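Please open the model in your viewer and keep the sequence panel beside it. The stops below are given in the order in which they may be selected.

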Amino acid sequence: MARPWRARSWGTLAGLRARPDKFGGVSVDLAELRRPLRLERAAFGRWLRGAVARWREEGHVAVWLRVPILQSRFVAAAASQGFAFHHAEQGSSTLTLWLGEGPSRLPGYATHQLGVAGAVLDESTGKVLVVQDRNRTINAWKFPGGLSNPGEDIDTAVREVFEETGIKSEFKSILSVRQQHEHPGAFGKSDMYIVCRLEPSSFDISFCQQECLRCEWMALDEVARTKQATPITSNIAKLLLYGYREGFDKIDITMREFPAVYPGLFYKLYHRELPESYRNIT
């Protein structure tokens, strides 16, 4: 039988490397342990105590400790030394310890979820695509949509619309942004809900029976007037009707893509359309 490890000093755990970051912190990932099953919790606690003392002497201001889910037995040892949970993902949790002066200045984890919806307007008929959710207590008309997945852009509204209704469309602009805090549907966190203007490229509805109770093309002015729509749907329908009649340039928030300061990455900037003469100012 292999003997368990009994680490005696801060530097004797095989495989672990402390990686400094540009903000003065240091990161340790327990997934790098070569034989985690042989490491006793008490031994890990002694190692961590010595390591933290060393990092404090070196002037580091924080420690980030990533713990894979199968090594969660080490969390209690870290918590006893002042570590606290920062966030958790499917297969791991991350704990932090502030070593600097004063209150912790570490950034919090993401506290928002992003929902998107598509106002799909058929300009040839003046009708807009609306649905009623199957799992709601009040069957009000709304624009199809849902939560964006990690790594998706705002124009993922195109995907959500297709999955719910079978209608293919193209992103044209952002119409509105709603912000709501302590959202019951977001585990009490904050919720951002963005409604996009989409242009349809197909028109035959084949809606998802699991998500939708009804789906139809409805006259835009009817959506703007009906009492059977959600408040945000009614307000956006009025905005969309204004753009339909007076010009979408009066309501659209358009998108442009730019290279980010990080090599190989890009970002999307959303704003009102800028005249060409201003866009090319140098």
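The model is a predicted one, in which local features need pLDDT of at least 70 and side-chain atom pairs count only at pLDDT 80 or more, while totals for chains, interfaces and linings use all residues. Residues are numbered from 1 along each chain as its sequence is written, and side-chain values use heavy atoms, with hydrogens and water left out.

Now show the surroundings of P200: apart from neighbours within four places in sequence, P200 is in contact (heavy atoms within 4.5 Å) with V120, L121, D122, I167, K168, S169 and W217. A224, by comparison, is 24 residues from P200 in sequence and 20 Å away in space, C-alpha to C-alpha.

Next, select strand β10, residues 190-200, in which P200 lies; helices (H or I, at least four residues) and strands (E, at least two) are DSSP runs, numbered from the N terminus. Nine of the 11 residues of β10 are buried, so that the strand is mostly covered.

Which strands pair with β10? Strands are said to pair if DSSP finds at least two bridges between them. Strand β6 (residues 112-122) pairs with β10 in the parallel sense over nine bridges, and within that pairing V116 stands opposite I194. Strand β9 (residues 169-180) runs antiparallel to β10 and is joined to it by 10 bridges; here F171 has L198 as its bridge partner.

On a 1 Å grid over the protein atoms alone, a pocket is an open set of points where a 1.4 Å probe fits, with protein on both sides within 12 Å along at least five of seven lines, and lining residues have an atom within 4 Å of a point. Of the 29 lining residues, D133, R136, K142, H183 and Y193 are the closest to the centre of this pocket. Elements that each supply at least two residues of the lining include β6, β9, β10 and α5 (231-246).

Finally, select E89, Y109, A110, T111, H112, Q113, P150, A186, F187, K189 and S190, which line the second largest pocket, with a volume of about 240 Å³.

Conventions:
Buried < 20%, exposed > 50% of the residue type's maximum accessible area, 1.4 Å probe, protein only. Points joined across faces, edges and corners; volume = space filled by probe spheres on them.
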